[in-house]
Structure formats: C-alpha cells, structure tokens
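Visitor: Please take one part of this model and go through it closely. Then place that part in the rest of the model.

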Amino acid sequence: MIALPILTAFVLLNLAFGSVYIPISDIIKSLIGMKVSNVQNVIILQLRLPRILLGLGVGAALASTGNAFQAMMKNPLADPYILGVSSGAAFGAILINVLAQMYNPNLIFYTWIFAFIFGILAAAITYLVARKNGKLPVTELILSGVMVNLLFSAGVTFLIVYGWRNVQMTSFWLLGSLSGSGWNSVILVGVVSIGVSLFFTLIGKYLNAMTAGEEEAIHVGVRVELLKVTVFVVGTFATAVAVSASGIIGFVGLIMPHIARRLFGTDHRISMPASAVLGGAFLVACDSIARTAFTPAEMPIGTITALVGSPIFIYILRRRRKVV
Amino acid sequence: MYEIEVKNLEFSYNEGKKALNGITFSVKKGEIIGIIGPNGSGKTTLVKALSAILTYKGSVKVKGKEVKEYSKREFAQLVGVASQEFTPAYDMKAKEIVEMGRIPYTGLLGKLSSKDDEIVKHAFKALGIENLMNRMFYSLSGGERQMVYAAKVFAQDPEILILDETTAHLDIGHVEVLLNKILRAFKKRKKTVLATFHDINQAIIFSDKLLVIKNGKLFAKGFPNDVINKKLIYEVYSASCSIVKHPQSEKVNVLMNLEDERSYFQSEGILNLSENPQQVLK
C-alpha cells in the first residue's frame with residue numbers, strides 16, 4: 001500500500017527523463033488524455049510508458065520467481081535461470097533468426113514464440129533428467145539445470161559463429177533489453193507477473209516451511225513434491241514469458257529477493273510482494289540509466305543491472321555481517 | 001487400540017541392503033519409548049518410516065490408520081517430529097520458527113489466530129525460553145537453537161512426538177532441561193513419545209520402555225532394567241561395559257569400560273576366545 005504512491009512517483013520521473021526531457025505536467029496531461037504535442041504523446045504513450053511497464057513486469061516476474069526458487073531449493077544462489085530457461089530461450093530466438101535469414105524473413109515475427117517454446121523445452125529437459133522415482137531431488141535438479149544451460153549456451157555460440165553475426169540482436173538476447181516493448185508484450189508480461197507474484201505470495205506459508213528443508217516441511221504438513229512441481233512449473237512459465245519479451249536480464253532474479261528479505265524479513269508473504277515491487281523498480285531504474293547515460297547509444301540492461309546491483313548487494317552483505 | 005502399530009516393516013535405500021528388516025512392535029497411548037542402537041543400525045530410517053517420509057513395505061499404523069493414508073496436514077496435527085538439527089536457509093526470529101509449528105492448523109494464507117499466538121507463546125514458556133522469542137535464530141547458541149526447535153514441535157501440539165537424537169549435540173544441562181520439559185508436557189497429558197538416542201543412559205532415564213535396533217532388525221524390547229545388560233551391550237555395540245543402578249531412579253546405568261574387551265569377556269566366561277580369537281574382532 002505504501003509502495004503504490006512511491007511507485008507512481010517513480011514511474012512519472014522515469015517518463016520525464018530520456019533523450020528528450022518532458023515536463024511532468026505534460027506527462028500527466030498525456031496520460032489522462034488531455035491535449036499535448038503529438039511528439040510528446042508518441043514518446044510517452046508509445047515509447048516510454050510501455051517500456052517502463054515492461055520493466056516493472058519483467059523485474060517483478062524474475063524477482064518473485066527467484067525468491068520462490070531460492071526457498072524451494074534452500075539455496076541462496078538459485079535464480080530464475082537455474083533450470084535452463086534463459087539459455088533455452090536465447091537459443092530458440094537466435095535459431096529462428098538464423099532460419100529467417102536462410103529461408104523466410106517473415107519467420108522473424110515468431111521470435112518471441114520460439115524463445116518461449118525453447119525456454120520451456122530447456123526446463124522440461126532439466127525436469128526429466130532430474131526426476132527420479134516420481135520425485136524431484138533438488139541437487140539433481142540444480143545439476144541437470146547447469147548441464148542444460150551449458151548445452152544451450154554451446155548451441156547459441158555455435159549459431160552465432162556459423163550462422164549469424166548480428167551483434168546487436170545477440171546482445172539483446174544474451175544481455176537483455178527492454179527496447180522490444182510493444183503494448184502486446186506489456187500486457188502479457190503484466191498479467192503474468194502480477195499473477196505469478198500473487199500466486200507465490202498466496203503460497204507464502206508453504207515456502208516459509210520449505211526454507212527449513214524438505215523433511216521439516218513434510219513434518220508440518222506440506223505436500224512437498226506437489227509444491228515443488230507447482231512452483232517450478234509456474235516459475236518456469238513466468239521466466240520464459242519474461243525472457244521472450246526482454247532477453248536474459250541477469251541479476252534481478254538473484255539479488256532482489258535477497259534485498260527484499262534483508263529489508264522486510266524472511267516471511268514470504270511479505271518478502272514476495274516486496275521482491276516483485278523492488279525487482280520491477282530496480283529494472284526500470286537500470287533501464288533509464290541504460291537508455292540515457294550513453295545516448296544515443298544504448299547499453300544492454302544486463303550490464304547495468306550487474307554494475308549497479310553488485311555494489312548494492314555487497315554493501316547489504318557487509319552491513320549485515322557487522323550486525324551479527 | 002494401539003497408538004502406534006508397526007508390522008513387518010521393511011525398507012531399503014536404492015535396492016541395496018535392507019535398512020529396516022521385518023520390524024514389529026506396538027506402542028500404547030501415553031508410553032515413552034526410547035530407541036537405541038549403534039550408528040547405521042536403522043534408528044533414523046525407522047523414524048522416517050514412522051513420520052511418513054519413506055515409502056516402506058509392511059505396515060505402520062498410527063491410531064489404527066496406515067500413515068500413508070493420512071493427508072499430510074492431518075498427519076502433521078497428529079505427529080510432530082524433531083531431528084538432530086534445525087537449519088533454516090535464512091536467519092529469522094525464533095518466534096517465526098516456532099510459528100511454523102502452527103502451519104498444519106492455519107488457513108491458506110497462514111494467518112495465525114489469537115489462539116495460535118497463545119499456543120506459540122505458551123511453547124516458549126513451557127520450555128522456559130521466553131527471553132529468546134525475539135532473538136535471531138543463528139545468533140543463538142547450539143543449545144538455545146535446539147530449545148527453540150523443540151518449542152516449534154511443542155507449538156505443533158501433536159498427539160505423538162517423535163524425536164530423532166534431538167539431544168545429540170547438547171550438554172548435560174540442556175539435555176536435562178529439554179527431556180524434563182518434554183516429559184512434563186507430554187507424559188502428564190498422556191501423550192506418546194518415541195525418541196531415538198545416541199546415549200544409552202539418556203534413553204534409559206527418559207523412557208518407560210526401550211527398543212534396541214541392530215542391522216535394521218529389532219534386537220530386543222522391554223523395560224530398561226529387563227533389557228539392558230552387559231551381554232546385550234556387547235552384542236549390539238561391540239563394547240564392554242559395567243552396569244550399575246542409578247541411585248535415584250533405581251534404573252540401570254551403563255558405564256563404559258576401556259579395558260581390553262577380549263580379556264574382559266574371557267574373565268567373565270561369556271565367550272571362550274582361546275579357540276578362535278578372531279571371533280570377537282569380527
């Protein structure tokens with residue numbers, strides 16, 4: 001509730017700054033449909049607003065999925081990409097672009113669908129390799145995720161070297177960017193990110209129990225195997241949607257959950273919405289740096305998330321250590 | 001009706017040697033049962049079968065119903081389990097850990113009712129650790145953590161409490177406090193307790209009856225004074241000992257001997273080793 005006005009102010013600020021500065025009064029006018037200049041209208045409604053909303057959505061989906069995965073795997077290094085979704089999606093996207101070059105340029109319009117399908121496919125391989133006697137042991141899951149990630153990364157390298165040398169598109173997929181934001185993807189990502197954050201918040205008490213380990217969770221009545229499959233399927237779906245809209249944006253899914261827990265405590269019923277809001281805000285902030293600091297060039301957002309995120313994370317880690 | 005009824009319980013990890021092999025016993029309501037046996041004898045596996053974590057062969061019934069057939073939530077209201085250590089992935093307040101004990105009772109959102117709150121506070125009080133309530137878990141000492149963990153199981157308020165070497169890492173003071181509080185809270189309310197022990201004497205002091213496990217089989221069962229003797233300790237643990245009576249409880253007490261066991265058993269005439277000295281070493 002407190003987050004809402006802060007977030008609104010934050011969005012307005014981000015709408016104002018960019019290659020062209022637009023006064024906040026004009027932004028509000030444009031948003032409520034009053035008359036402003038056409039150029040400003042286009043910049044606000046067609047360029048900046050969808051981009052900001054996409055950033056909020058992608059950041060929220062990645063951060064809440066990361067938070068849930070960390071609890072499920074009892075592993076603070078888990079992130080949404082741990083099951084191979086990211087490299088699978090990048091492989092799918094680059095593959096379709098290579099095919100488009102070779103056979104039919106129209107195929108390029110199916111890029112995000114291919115990214116999505118291959119992302120899901122990669123995670124499915126991870127599940128199948130890890131599954132044993134109807135159970136999903138977490139160590140095996142992490143290891144097979146590493147393997148699948150390596151496999152598809154190798155595929156990506158192969159495609160880049162032999163088939164396709166479009167550096168800009170490659171960096172879009174491998175380092176992520178919010179530049180591909182149309183209203184369609186905004187709506188899709190928005191719905192998915194709200195859905196996934198809400199879902200993980202609703203099952204927060206079970207995630208809380210999981211942080212004590214699987215057996216402890218069973219002892220307090222959690223159906224652990226069912227929970228694992230549910231969380232991984234939902235998380236994979238959300239991650240695949242996020243990645244197919246914006247490429248592999250690293251760091252958000254890994255560190256924002258940590259920051260949320262450090263700030264708001266480890267209870268997932270609180271840390272989950274906090275992760276979502278912080279993840280979204282962080283991504284939008286990084287994006288505004290990515291698109292303004294080096295104008296007219298645009299830095300891949302993954303670079304900024306890492307550059308900005310690491311010091312924040314180290315600071316929080318250090319400060320924490322002093323307290324204990 | 002027995003509170004717990006185990007028949008021909010079998011389990012093996014990865015198709016290998018049977019970790020549990022044809023175990024049969026039953027426990028009446030309100031009994032305090034100690035389970036002892038050497039490392040790797042199957043104590044923990046037995047506990048896991050009783051707490052519905054393993055898919056076993058044979059039958060394990062709690063209150064007349066097979067444990068597999070309970071819903072997880074229903075089972076968690078009935079049986080509480082505490083093991084050697086509690087290691088949550090994130091540091092949190094002791095109170096939050098004890099509140100986890102109420103998960104089987106709360107609705108979807110896990111919101112605690114005022115009754116739940118009361119029970120959580122009472123669990124801290126019952127163990128005499130109210131001062132730890134708002135401390136961070138990982139800032140506590142090993143003994144204090146184990147007390148908080150026990151408070152979580154207290155808050156779960158089960159009919160049957162299962163402890164798996166919960167006192168293994170504790171000093172004598174913490175062991176005394178913890179076992180005493182458990183006896184006070186559970187025995188007086190006619191609740192059943194099953195506890196595995198590393199330390200034979202802790203098991204004897206704590207329990208009404210003992211189950212002795214060796215190589216996945218039930219080796220002996222009964223009252224401590226009937227079950228425990230030099231021969232059993234030697235056969236189960238390959239250790240020589242002296243047995244005395246506890247001056248206060250009149251229960252047997254096992255004292256470890258450090259003399260050469262062969263000469264000891266020879267002098268006692270329990271084993272004739274002159275014919276085959278390797279027999280004991282095996």
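**The sheets of chain B**

Guide: Five bridges join strand E1 (residues 4-12) and strand E4 (residues 57-62) of chain B, and the two pair in the antiparallel sense. Strands (E, at least two residues) and helices (H or I, at least four) are DSSP runs, numbered from the N terminus, and two strands count as paired if DSSP finds at least two bridges between them. The model is a predicted one, in which local features need pLDDT of at least 70 and side-chain atom pairs count only at pLDDT 80 or more, while totals for chains, interfaces and linings use all residues. Residues are numbered from 1 along each chain as its sequence is written, with chains lettered from A and ligands numbered from 1 in the order in which they are written.

Contact between two residues here requires C-beta atoms, placed from the backbone, within 7 Å. Angles run from 0 to 180 degrees between N-to-C directions, with axes as lines fitted to C-alpha atoms, for helices over the stretch in contact.

Chain B has another open sheet, of six strands in the order E6-E7-E8-E3-E9-E10, and its pairing is mixed. At the edges of this sheet stand strand E6 (79-82) and E10 of chain B, each with a single partner strand, so one side of each has no neighbour in the sheet. Within it, strand E3 (residues 32-36) and strand E8 (residues 192-196) of chain B run parallel and are joined by four bridges. B:Gly34 has B:Ala195 of E8(B) opposite. Helix H5 (residues 142-156) of chain B lies across E6 and strand E7 (160-164) of chain B, at about 175 degrees to E6(B).

Now the chain around the sheets. Chain B contains eleven helices and twelve strands. Its radius of gyration, taken over C-alpha atoms, is 20 Å, close to the 19 Å that the globule rule gives for 282 residues, so chain B is as compact as a globular protein of that length. That rule is 2.2 Å times the number of residues to the power 0.38. Along the principal axes, the C-alpha atoms of chain B fill a box of roughly 70 × 40 × 35 Å. Of the 282 residues, 41% are buried; a residue is buried if 20 or more other C-beta atoms, placed from the backbone, lie within 10 Å of its own, exposed if 12 or fewer, and partly exposed in between. Among the contacts in chain B with a separation of 6 or more, 62% are between residues 24 or more positions apart.

The domain assignment divides chain B into domain 1 (4-93 + 156-227) and domain 2 (229-282); such bounds come from an automatic or database assignment. Between these domains, 13 residues of domain 1 are in contact with eight residues of domain 2. On the domain 1 side, helix H7 (200-206), strand E9 (209-214), strand E10 (217-222) and helix H8 (224-227) of chain B each give two or more residues. H7(B) gives the largest share, four residues. By class, the domain 1 side has nine nonpolar residues, three polar and one charged. Ala, Val, Leu, Ile, Met, Phe, Trp, Tyr, Cys and Pro count as nonpolar, Asp, Glu, Lys and Arg as charged, and the others, Gly among them, as polar.

Last, the partner chain. Chain B has 24 residues in contact with 23 residues of chain A. On the chain A side, helix H9 (204-210) and helix H10 (214-219) are the elements that give two or more residues. That side has eight nonpolar, seven polar and eight charged residues.
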